[in-house]
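Subject: Handing over the structure, with notes

Dear colleague,

I am passing this structure on to you, and I would be grateful if you read the notes below with the sequence and the coordinates open beside them.

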Amino acid sequence: MQVPYHYSIIPLLICWHSAPALYEKYQTTTPQAVDEWTLSEAMAADTAGGGLSQLETHYQTFITEQDFADIAGAGLNFVRIPLPYWAIETRANEPFLAKTSWTYFLKAIQWARKYGIRINLDLHALPGSQNGWNHSGKLGSVNVLNGPMGLANTQRSLDYIRIIAEFISQPEYRDVVVMFGITNEPQGTMVGQDALSRYYFQAYQNVRQASGIGEGNGAYVSFHDGFLGLPQWAGFLPNADRIALDDHPYVCFGGQSDAPMSSYAQTPCNTWAATLNTSMSAFGLSAAGEFSNAVTDCGLWVNGVGLGTRYEGTYPGNWPVVGSCTPWTDWQTWDTTMKTGIMNFALASMDALQNWFFWTWKIGNSSVTGVVGSPQWSYSLGLQNGWMPKDPRTASGICADQNLWSPPLQPWQTGGEGAGQIAASVSKEYAWPPATISNAGAVTLLPSYTPTGTVATLPPPTFTVTSGKSVATANAGNGWQNPSDNAGEMVGIATCSYLDPWIGPSAAPPSPLCSTGAAARALEPMTTPPPRIS
């Protein structure tokens, strides 16, 4: 884990940005499709148009084995695969197509193994939403570590992390799925670093309880910086076994400029390189979980469905008009100067970031224009048209020295000596749950779940082995690595009251929460057995 990773991203969420044609069909319906929640509702109502089966058709056709072959051929050695919680299950009125994306994640494992690619599995959408953004499943409010359902939704999320960890820690999968991003882009500035740190530590314990401790035992556990910045996580969890820090540096979402693409040749070097290098020393393994070639927010639905762009002054808020987006999106007319400018930016980004994932491998065509509408976000389109490198290793040396990190990582950071030997004082500092939840108050006054449900384990694929005239089923695991991890799934208490998981922070908790004694039982401190030493 001490060589640069060259990654691309293949989402198993149905993103308006990467698959616009699915959303364009439902722009005049009620509800209008702006996220996967409303897309699922609109599709379910459209039985004549195929209903929710349209989502599975997308899974079947958008990313295929050929894409994995092309990714390997492009010199990329990892893929980051965003997976939503509904790959495991849905509850109550959640409209998502449950469990189906898991089937296609299993195909991704098979193809990745075949073409020598490793996977960073990213839990991209949590129940209630960890950031309130459309790519979390539902556009709106934050209900993880925030608001009256912030505790209960987080308990449920920790269960899903545990369930995924048990599956990917099995020997059949752990050499392919070697990194697990436990939560994409939580709103750390809203929920607070203390609560987020406690959540991260409990999630880490859940993963290591499944995998065991030490090199080769399960995946690296990757934490997003929660928009607090990489320096804020320096020294977090000393002696934790194989953890990583994830940052998502983008140029395009702030102030806009009409400066030519050629003027950005050294921007990544000057902006990102020193920060990432410093984090490699101060924290340990650090990576850019997302970046793109976009230097403006131009592109079809880059900001979200129907939200316009800052560049053209049509995005919500007070944004001055900078110019027309056409020169930034009409890629079929780009000349050599434009393509060279993007290539130079891409190479500088790769060298500055060292360990990186590009968002995204493929953007689907618009059903309106028939072409890709956000070209600076598509790695494969850039390869085909000459603005992405055919070999990412050519990026080496593009940036001048920027506080260069001196390898190697410490032995405990890679699963060696000292790994998992976290001091008792650190465990106490980050004990779960936090005393309070942002925009809600004391956890003792909030709805919570209890571990008495049946665990929704993830099913393995089925393979048959033919030898002569006999046909046998190959062992693909049973979905659960550690049989000693036998706690039930977090579910509601029959004598307690709960709000809609997506209700938002302005609602008051139920009162009374529960009949006498029930709440006290649910909020007993969570004690996780020490991770297994394997």
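This is a predicted model: local features need pLDDT of at least 70, side-chain atom pairs count only at pLDDT 80 or more; totals for chains, interfaces and linings use all residues.

Residues are numbered from 1 along each chain as its sequence is written, and side-chain values use heavy atoms, with hydrogens and water left out.

Helix packing

Helix 6, residues 150-168, contains 19 residues and spans 27 Å from its first C-alpha to its last, which is close to the 27 Å expected at 1.5 Å a residue, the expected span being 1.5 Å times one less than the number of residues. Helix 6 is mostly covered, with 19 of its 19 residues buried; buried means under 20% relative accessible area, exposed over 50% and partly exposed in between, for a 1.4 Å probe and protein chains only.

Two packed helices are described by the angle between their axes and the distance between the axes. Here the axes are lines fitted to C-alpha atoms, for helices over the stretch in contact, and the angles run from 0 to 180 degrees between N-to-C directions. Angles under 35 degrees count as roughly parallel, over 145 as roughly antiparallel, 65 to 115 as roughly perpendicular and the rest as oblique.

The axes of helix 6 and helix 8 (residues 193-211) cross at roughly 30° and come within 8 Å, and these two helices are therefore roughly parallel to each other. Contact, meaning heavy atoms within 4.5 Å, is made between them by residues including Leu 158, Ile 161 and Arg 162 of helix 6 and Tyr 199, Ala 203 and Val 207 of helix 8. By class, the contact of helix 6 with helix 8 has 7 nonpolar, 4 polar and 2 charged residues, where Ala, Val, Leu, Ile, Met, Phe, Trp, Tyr, Cys and Pro count as nonpolar, Asp, Glu, Lys and Arg as charged, and the others, Gly among them, as polar.

Helix 2 (residues 36-45) packs with helix 3 (residues 53-62) at an angle of about 120°, with the axes 9 Å apart, and that makes helix 2 oblique to helix 3. Glu 36, Leu 39, Ser 40 and Met 43 of helix 2 make this contact with Gln 54, Leu 55 and Tyr 59 of helix 3, and by class there are 4 nonpolar, 2 polar and 1 charged residues in it.

Helix 3 also packs with helix 5 (residues 100-114), their axes coming within 10 Å and crossing at roughly 10°, which makes helix 3 roughly parallel to helix 5. On the side of helix 3 the contact is made by Glu 56, Tyr 59 and Gln 60, and on the side of helix 5 by Thr 100, Ser 101 and Tyr 104; these residues divide into 2 nonpolar, 3 polar and 1 charged.

Backbone details

A cis peptide bond, with omega about 5°, joins Thr 30 and Pro 31, and Pro 31 lies in the loop between helix 1 (20-24) and helix 2. The peptide bond from Pro 407 to Pro 408 is cis as well, with omega near 5°, and Pro 408 lies in the loop between helix 12 (379-385) and helix 13 (424-429).

Ala 92, although not a glycine, has a positive phi of about 50°; Ala 92 sits in the loop between strand 2 (78-84) and helix 5 and is exposed, with a relative accessible area of 82%. Glu 185 also has a positive phi, near 45°, in the loop between strand 4 (177-181) and helix 7 (188-191), but Glu 185 is buried, at a relative accessible area of 6%.

Single residues

Asp 351, in helix 11 (residues 336-353), is buried, with a relative accessible area of 12%. Leaving aside neighbours within four places in sequence, Asp 351 is in contact with Ala 395, Ser 396, Gly 397, Ile 398 and Cys 399.

Ala 74, found in the loop between helix 4 (65-73) and strand 2, counts as buried at 3% relative accessibility. With neighbours within four places in sequence again left aside, Ala 74 is in contact with Leu 383, Lys 390, Asp 391 and Pro 392.

With best wishes

Technical notes
Helices (H or I, at least four residues) and strands (E, at least two) are DSSP runs, numbered from the N terminus.
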